[in-house]
Amino acid sequence: MSQLSREELKNLVLTIPDKFHWRQTTSHQFKNFLIDNFYDSKCDVLEVGCHKGHTSLILSHLFKNVFAINKNPPSSEFPQRDNITYEHMNSYEDPWKISKWKRCDVVLIDCVHEFTEVKKDTKNALKLSPKFLIYDDYGDKRFPGVKRFVDEFVKEEKPKKVTKFGLPRNTKWIEYMDTEGVLIEL
Ligand SMILES: C[S@@+](CC[C@H](N)C(=O)[O-])C[C@H]1O[C@@H](n2cnc3c(N)ncnc32)[C@H](O)[C@@H]1O
C-alpha cells in the first residue's frame, strides 16, 4: 500500500518516460488516471506484459501486490519493490497461476496487441473473476486488433461500465482512432 499521497505519486510519474519518449509504456495521462481511480486499492493487480516496469512501479503504490508477466527476463531497470512479483513466463504458452493471482480484481492487458492474443489474455483474465479489465493501446492505429476485440467484447458481454481514458484521439505524434486506454467494469 502506498506511503505516498496522490500528489507525490503524480510527481513520481513525472520521473518516468512519457509515451512520447518510450512508446511501449503507458502515457503519464494513463498512469494519472490509474492513480485517480485505484488509489489505496485493497486487492492485487495483474499486469500482462510489463516490459521495463514503468507502469508496474505506479501499480505497486496503488495495489497490495503486483504480478507482472513478461516473456523476457527482467531488465536491470525493473523496479525492485517487495510487493512486485516478476512472472517470467509466456502468457500464451505457459499456464496462468490462477490460485496465486486469485486476489487480482484488476487485470491490465498490455502484451501482444493482436486480436487473437488480446482475446486469449482476456479469456485467461476472466478465470480470475476480476472486477476490472484495462487495455492499453486500445485506440492506437498500429494495433487495430485491440480495439476490434474490445469493442466486440463490450457488445457481447455488456459490462457495467466502459470508460475511455488516457491520450485522446487528437493526440499529436501518435495516430489514434480512439483513446489510448479503456477501463471495463465487469
Ligand atoms: C507494450 S509492452 C508492456 C509495457 C508495460 N505494460 C508498460 O506500461 O511499461 C509489451 C510487453 O509484452 C511482452 N511480451 C510480448 N510477448 C509476450 C508473451 N508471449 N508473453 C509474455 N510477455 C510478452 C514484451 O516483451 C513487452 O515487454
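I started with strand E5 (residues 132-135) and E7, which pair in the antiparallel sense over 4 bridges. My terms first: helices (H or I, at least four residues) and strands (E, at least two) are DSSP runs, numbered from the N terminus. Two strands count as paired if DSSP finds at least two bridges between them.

A word on what I am looking at: this is a predicted model, where local features need pLDDT of at least 70, side-chain atom pairs count only at pLDDT 80 or more, and totals for chains, interfaces and linings use all residues. Residues are numbered from 1 along each chain as its sequence is written.

**Entry 1: around E7**

Is E7 mostly covered or mostly open? It is mostly covered, as 4 of its 5 residues are buried. By "buried" I mean that 20 or more other C-beta atoms lie within 10 Å of a residue's own; 12 or fewer makes it exposed, anything in between partly exposed, and C-beta atoms are placed from the backbone.

**Entry 2: strand E1**

Next I went to strand E1 (residues 44-48), which runs parallel to E2 and is joined to it by 4 bridges. E1 also runs parallel to E4, with 5 bridges between them. I followed glutamate 47 both ways: it stands opposite alanine 68 in E2 and opposite leucine 108 in E4. Leucine 46 has phenylalanine 67 in E2 as its bridge partner.

I then checked cover, and 5 of the 5 residues of E1 are buried. In a regular strand the side chains alternate between the two faces of the sheet. In E1, Asp44, Leu46 and Val48 point one way, Val45 and Glu47 the other, and all are buried.

Aspartate 44 lies in strand E1. Why do I call aspartate 44 buried? Because 22 other C-beta atoms lie within 10 Å. Not counting residues up to four places away in sequence, aspartate 44 touches Phe63, Lys64, Asn65, Phe67, Trp101, Arg103 and Cys104 (contact means C-beta atoms, placed from the backbone, within 7 Å). Aspartate 44 and phenylalanine 67 are 23 residues apart in sequence, and 7.8 Å apart from C-alpha to C-alpha.

Threonine 85 lies in strand E3. I count threonine 85 as partly exposed, because it has 18 other C-beta atoms within 10 Å. Beyond its neighbours within four places in sequence, threonine 85 is in contact with Asn65, Phe67 and Ala68.

Methionine 89 sits in the loop between E3 and E4. Methionine 89 is partly exposed too, with 14 other C-beta atoms within 10 Å. Its contacts, leaving aside neighbours within four places in sequence, are Ile69, Lys71 and Asp94.

**Entry 3: helix H2**

Which residues of helix H2 (residues 28-38) are buried? I noted Phe30, Lys31, Leu34, Ile35 and Phe38. They cover an arc of only 145° around the axis, which puts them on the same side of H2 (the arc is that of the directions from the helix axis to the C-beta atoms). Their cover includes helix H1 (6-13), helix H3 (54-60), strand E4 (104-109), strand E6 (161-165) and strand E7 (181-185). Just after H2, I spotted aspartate 40 with a positive phi of about 65°.

**Entry 4: the ligand**

How many residues surround the ligand? I found 19, the closest being Thr25, Gly49, His51, Thr55 and Lys71 (a residue is near if its C-beta atom, placed from the backbone, lies within 6 Å). H3 and strand E2 (66-70) each supply at least two residues of this shell. By type, the shell divides into 5 nonpolar, 11 polar and 3 charged residues. Here Ala, Val, Leu, Ile, Met, Phe, Trp, Tyr, Cys and Pro count as nonpolar, Asp, Glu, Lys and Arg as charged, and the others, Gly among them, as polar.

Conventions. Two residues are in contact if their C-beta atoms, placed from the backbone, lie within 7 Å.
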